[in-house]
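Subject: Handover of a structure

Dear colleague,

Please find the structure below, followed by an account of what was found in it. I would be grateful if you would read the two side by side.

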Amino acid sequence: MTVAAQSSSTGKTRKRHFWTMERRDALAGYLFIAPQLIGIITFVLIPLGLVFWYSLHEWNVLAQTFRFQGLGNYQALLSDPGLPQVLGATVLFSVGLVVFNMSLALLLAVLLDQKLKGITVYRTLFFSPVVVSLVAWTIVWSFLLQNNGGINAILALFGVEGPNWLREPTTAMISVIVVQVFKNVGLNMILFLAALQGVPRELYEAARVDGTPAWAQFTRITMPMISPTILLTSIITIVGSLQVFAQIAVLTQGGPGMSTTVLVYYLYQQAFQFHKFGYGATLSILLFLIVAALTFAQWQMRRRLVFYEN
Amino acid sequence: MKTDLSPAMKVVVYGLMTVLLIPFVFPTWWMVTSSVKPISDIFAFPPEIVPRRVDLSTYAQVFELQPFAQQYWNSAYIAALVTAGTMLFSSMAGYAFARIRFPFANTLFMVVLLGLLIPAEVTIVPLFQMFLGWDMINTHWPLILVPIFGAPSVFATFVMRQFFIALPKELEEAARVDGLGRFKIFWTIALPLARPALGAVAIFTFLHSWNLYLEPIVFLSSPELFTLPQALTQFTDAYGGAMWNIQLAAATMTAIPVLIVFIIAQRQFVEGLAHTGLKG
């Protein structure tokens, strides 16, 4: 008994004493996060450092030149005659996508929140494009949108002559946005639906007793209550819209002219088609700065605009 | 806003939903039906909503023009590996950030969160150079390693962390009194409870890997290594024109398995997505 008591207070070996509960926990913590942390350092942070380094070089892969030139690529960026068009297309695409996507998602979520027979079938069908493979979906739409494709054939039945959707600058941009929205709006729709179902019923009941009209209920109860979800989905949607690539590559290859050449597509062209890695890296930096600025701005907005948060 | 609607309103809502449904459903219908039409009927006027003649030979041609079975396998095994790997490592990291106290935990979490800020497209040029240095260009390694450990998995870690934060403390305390180690607690108690969050992570990760397009076209150049999205765009004639019926047959084959799984698991699927900690 005395021996046991002694060993528990003083008799432990040094090693045992070193491995306190806290230290064992800390070790477990580091081991648990190690794969993810090493991954982020290897595949995100080191590459990000390299992007900066590459952007300071003239690097033509075909000519095998790799020459330090300081800010030369950044000067080239500022005087690139294509850049205003690329940025314009990027902004147009993102704004069009976010506005169309968020309003359609909200409309669908409100409709699908009704107590109606067969509503889950509708939910499933609205959501189904999300699970169709992205390139398959885009290929079908490029088939539909051709001059002699399905859309114009259906318009012709009504005596309307449709435009050559993917070959005219305005309609090409609209087409790319529309194809993308129908593909992914189901995701936002589901998140909105979950948020709508989290709004306490009593609020509506109280409003009904007060005789508040339906539209006012929507703007004064529903919208404020789901505003955290609206903000989060808008962040995801905007950042996602800046990354769009496959749709452009399959539908328009950036054309006609450069009307649908968004930043990521331009970056890909410069680096992997024209083999200008240094300039491609500079465009990557530009993309990074835009994403970082947007995320920061939205984080700030979160404080001011969101009415409530758990 | 769940209210019992008047019969007139019900008709309006059903009507509106049915009209809105057209652009969501018609493309898939048009893809499947056009893929079984003989090439001469594909551009028929008036358009054939239901095909008059069915010709399944295009489905055989898909396999003759490309190593399509191999490409199918490539996409499937890469997506399966990436999904399993992401589920394991992201739940481990998410658990540690939520439940274990260790020095610099918050700082390290911020470092990991940087992955959300830096899209994969930003780092594609240096990643190409790094994998070139490791002799891994034209292999599947970049498509496996980067999604499991790099930026795409950060969202999964974030979702898992949000879930584990909400778990009641008592569950673990009892286990600790019984002398269970951290890994045992994680594996036998926390992880089984995390099924809804894991389901959401699995869906997101699988779809992300299945849809990757920029990475495969940057990293792969041999047709037998291609993944499906890349393979779909390869069915062109000698002039670079699309062979529509064959492209659509191939597209149908890539879409159908996921659609079937989705229809069977529809409830869990949609609930899993709603259950990502993003609830308002």
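**Salt bridges within a chain**

B:Glu172 and B:Arg99 form a salt bridge, with their closest N and O atoms 3.4 Å apart; the term stands for a side-chain nitrogen of Lys or Arg within 4 Å of a carboxyl oxygen of Asp or Glu. This pair links distant parts of the chain, 73 residues apart: B:Glu172 belongs to helix 8 of chain B, and B:Arg99 to helix 3 (residues 68-99) of chain B. Helices here are DSSP runs (H or I, at least four residues), as strands are (E, at least two), numbered from the N terminus. B:Glu172 counts as buried at 10% relative accessibility, and B:Arg99 counts as buried at 12%. In these terms, buried means under 20% relative accessible area, exposed over 50%, and partly exposed in between (1.4 Å probe, protein chains only).

Please note that this is a predicted model, in which local features need pLDDT of at least 70 and side-chain atom pairs count only at pLDDT 80 or more, while totals for chains, interfaces and linings use all residues; side-chain values use heavy atoms, with hydrogens and water left out. Residues are numbered from 1 along each chain as its sequence is written, and chains are lettered from A and ligands numbered from 1 in the order in which they are written.

In chain A, A:Glu58 forms a salt bridge with A:Arg67, the closest N and O atoms lying 2.5 Å apart. A:Glu58 is partly exposed, with a relative accessible area of 32%, and A:Arg67 is partly exposed at 48% relative accessibility. Over all chains, the search of the whole structure finds 6 salt bridges.

**Salt bridges between the chains**

How many salt bridges does the rule find across the interface of chain B and chain A? There are 2 of them. One joins B:Arg182 to A:Asp25, with the closest N and O atoms 2.8 Å apart. In another, the side chains of B:Arg176 and A:Asp25 meet at 3.2 Å, N to O. That pair crosses between chains, from helix 8 (residues 169-177) of chain B, which holds B:Arg176, to helix 3 of chain A, which holds A:Asp25.

**The interface as a whole**

In total, 101 residues of chain B are in contact with 102 residues of chain A, where contact means heavy atoms within 4.5 Å. The area buried between the two chains is about 9,100 Å², and carbon and sulfur atoms give 79% of it. Buried area is the accessible area (1.4 Å probe) that two parts lose on being put together, summed over both.

The rule also finds 12 residue pairs in polar contact across the interface of chain B and chain A, both residues being at pLDDT 80 or more. A polar contact is a pair of N or O atoms within 3.5 Å; within protein, one must be able to donate a hydrogen and the other to accept it, and residues adjacent in sequence count only if both atoms are side-chain atoms. On the side of chain B that touches chain A, the largest share, 17 residues, comes from helix 1 (residues 7-35) of chain B. By class, this side of chain B has 75 nonpolar, 18 polar and 8 charged residues. Here Ala, Val, Leu, Ile, Met, Phe, Trp, Tyr, Cys and Pro count as nonpolar, Asp, Glu, Lys and Arg as charged, and the others, Gly among them, as polar.

**Two further positions**

B:Thr33 lies in helix 1 of chain B and counts as buried, at 6% relative accessibility. A polar atom of its side chain lies 2.9 Å from the backbone oxygen of B:Trp29. Leaving aside neighbours within four places in sequence, B:Thr33 is in contact with B:Ile49 and B:Pro51.

A:Val110 lies in helix 5 (residues 83-112) of chain A and is buried, with a relative accessible area of 17%. A:Val110 and A:Leu193 are 83 residues apart in sequence and 7.3 Å apart in space, C-alpha to C-alpha.

Yours sincerely
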